[in-house]
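Biologist: Could you walk me through this fold, starting with how its strands sit together?
Modeller: Gladly; let's look at it together.

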Amino acid sequence: MHGMGTKEFVLIGFGGTFVLVTILFWWLDDMRRAKVRLLSSHGAPLVDVGLASDYERSHMEGAANIPLEELETRIGDTASVGQTVLVCGHGFVRRARGARLLRAMGYVVTNAGFTRASMTERPAR
């Protein structure tokens, strides 16, 4: 979506709606990634709440792996209460549960998501 500028879109029928929705999702994903980069550059830790096997396969660059099942006991090693934490990992449900748990514990949470464009591929062993 980079470089789109102020182009006009003429959309007709259902196919046009799909194109518009796709463009909107791309734009929102770009905005989310920009927010994550900004928060990360200011010291917000990036925590991958996925399973260790998923993390080993691929993860966002710079993310610390703290599986959801260990998050409550291990987050203190990575972040202080009240600090913004970026949560990422495979699976929307795991990220949502991790975010909910951290908020209940007093952290400020941003869902960093997980997209192919923002991860580091690790070769299979």
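**Strands and cores**

Modeller: V47 stands opposite V87 in β4, where strands are DSSP runs (E, at least two residues; helices are H or I, at least four), numbered from the N terminus. This is a predicted model, so local features need pLDDT of at least 70 and side-chain atom pairs count only at pLDDT 80 or more, while totals for chains, interfaces and linings use all residues. Residues are numbered from 1 along each chain as its sequence is written, and side-chain values use heavy atoms, with hydrogens and water left out.

Biologist: Over how many bridges do β1 and β4 pair?
Modeller: Two strands pair if DSSP finds at least two bridges between them. Strand β1 covers residues 46–48, and its L46 stands opposite L86 in β4. With β4, strand β1 pairs in the parallel sense, and the number of bridges is three.

Biologist: In what order do the four strands form the open sheet?
Modeller: Strands of a sheet pair through backbone hydrogen bonds, either parallel or antiparallel. Here the pairing is parallel. The edge strands, pairing on one side only, are β3 (64–65) and β5. The order is β3-β1-β4-β5.

Biologist: Is T110 buried or exposed?
Modeller: Leaving aside neighbours within four places in sequence, T110 is in contact (heavy atoms within 4.5 Å) with K35, L39, T84, V85, L86 and V87. Buried means under 20% relative accessible area and exposed over 50%, with partly exposed in between (1.4 Å probe, protein chains only). Because its relative accessibility is 11%, T110 counts as buried.

Biologist: Which residues touch the most other members of the largest nonpolar core?
Modeller: That core has 13 residues. Not counting residues up to four places away in sequence, I75 touches V47, I66, L102, M105 and Y107. The residues that touch the most other members are V47, L71, I75, V85, L102 and Y107.

Notes: Core = buried A, V, L, I, M, F, W, Y, C linked by side-chain atoms within 4.5 Å.
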